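The following exercises are to be worked through with the sequence and the coordinates at hand. Each task is followed by a solution in steps.

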Amino acid sequence: MTIEISDTRFRLTFSFFAVITAMLLTCDRRIVIISVLSSLLHECGHLALLFVFGEKPECVVFGAFGIRIERQGVSSLSYKRQAAVAMGGISVNLALAAVFAVLYGCFSSEVLAVGFAVNIFIGGLNMIPVGILDAGQFLRYILLERFEEDETESRLNIVSDFSVLLFACFCVFYTVFFGLNASLICACLYLMAVNIKLRISSHQNPEK
């Protein structure tokens, strides 16, 4: 399903609804609602900086791997500005986590604690320098200021692979000493999936 608002398309895929349905069936409904809203606000952080810098997105896609922004062809923004846009989502999540923490200190509500945890999780996950995640995009633009695109992708692939391996080792360590944590396992599988997706995409588009 595609909706167009002010020259920007919003595309909701079947896989997005499938993931949301699975989450509603297996997780606390409050966690699902806060997670979706926090993810939306995360993308609003990227969109806000894009508009501030004078660039409009082509499409906002709601898919199985979360919400992503597709931009129009070759960006006219400098690498520094693109790096700033990449970090816009994390900044929003950290700001929301701070707000939830302050409110929790005043009201001690379980919902506020969930909001804090969800935003720390989303922000923290995106701070891992893997491929299409925010920190991975930030690192790409920083590297592009110094290296050619082929060299940049080679270095980023190494960092991505190492980050996924390190996170997987952490998940194994946590499971052995503290017990199984479904969120960590899902996050690890997600990182592996996006890393594989990035490699497939780079092979399909070797000219980029």
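A salt bridge is taken here as a side-chain nitrogen of Lys or Arg within 4 Å of a carboxyl oxygen of Asp or Glu. The model under study is predicted.

**Exercise 1. Salt bridges**

Task: Determine how many salt bridges the structure holds, and state for the pair arginine 30 and glutamate 110 which helices the two residues lie in.

Solution. 

Step 1. The structure holds three salt bridges.

Step 2. One of them joins the side chains of arginine 30 and glutamate 110, with an N to O distance of 3.3 Å. Arginine 30 belongs to helix H2 (residues 29–52) and glutamate 110 to helix H5 (residues 110–126), so this pair ties together parts that are 80 residues apart in sequence. With a relative accessibility of 34%, arginine 30 counts as partly exposed.

Step 3. Another salt bridge is formed by glutamate 153 and arginine 140, whose closest N and O atoms are 2.9 Å apart. Since glutamate 153 lies in helix H7 (residues 149–178) and arginine 140 in helix H6 (residues 134–144), the pair ties together parts that are 13 residues apart in sequence. Arginine 140 counts as buried, at 10% relative accessibility.

Step 4. Glutamate 151 and arginine 155 also form a salt bridge, with 2.8 Å between the closest N and O atoms. Both residues are in helix H7; because they are four residues apart there, about one helical turn separates them. Glutamate 151 is partly exposed at 34% relative accessible area, and arginine 155 is partly exposed at 36%.

**Exercise 2. The setting of helix H6**

Solution. 

Step 1. A residue is buried when its relative accessible area is under 20%. In H6 this holds for Asp134, Ala135, Gly136, Gln137, Arg140, Tyr141, Leu143 and Leu144.

Step 2. On the H3 side, the contact is made by Tyr79, Gln82, Ala83 and Ala86; H6 contributes Asp134, Gln137, Phe138, Tyr141, Ile142 and Leu144. These residues divide into seven nonpolar, two polar and one charged.

**Exercise 3. Cysteines**

Task: State how many disulfides are counted, and find which cysteine sulfur is nearest to that of cysteine 169.

Solution. 

Step 1. A disulfide requires a pair of cysteine sulfur atoms within 2.5 Å. By this rule, the count is zero.

Step 2. For cysteine 169, the nearest cysteine sulfur is that of cysteine 188, 9.0 Å away, and cysteine 169 is in no disulfide.

Step 3. Cysteine 169 is partly exposed, with a relative accessible area of 45%, whereas cysteine 106 counts as exposed at 56% relative accessibility.

**Exercise 4. Individual positions**

Task: Decide whether asparagine 93 is buried or exposed, and identify which residues serine 39 touches beyond four places in sequence.

Solution. 

Step 1. Asparagine 93 is part of helix H4 (residues 88–107). Its relative accessible area is 0%, and asparagine 93 is buried. Residues up to four places away in sequence aside, asparagine 93 touches Ser38, His42, Asn119, Ile122 and Gly123.

Step 2. Serine 39 has its place in helix H2 and is partly exposed, with a relative accessible area of 24%. Leaving out residues up to four places away in sequence, serine 39 touches Ile67 and Ile122. The C-alpha atoms of serine 39 and isoleucine 67 are separated by 7.2 Å, while the two residues are 28 residues apart along the chain.

Step 3. With residues up to four places away in sequence not counted, leucine 49 touches Ala84, Val85 and Gly88. Between the C-alpha atoms of leucine 49 and leucine 112, 63 residues apart along the chain, the separation is 27 Å.

Step 4. Although serine 108 is not a glycine, its phi is positive, at about 50 degrees. Serine 108 is exposed, with a relative accessible area of 54%.

Methods. Residues are numbered from 1 along each chain as its sequence is written. This is a predicted model: local features need pLDDT of at least 70, side-chain atom pairs count only at pLDDT 80 or more; totals for chains, interfaces and linings use all residues. Side-chain values use heavy atoms; hydrogens and water are left out. Buried means under 20% relative accessible area, exposed over 50%, partly exposed in between (1.4 Å probe, protein chains only). Contact means heavy atoms within 4.5 Å. Ala, Val, Leu, Ile, Met, Phe, Trp, Tyr, Cys and Pro count as nonpolar, Asp, Glu, Lys and Arg as charged, and the others, Gly among them, as polar.
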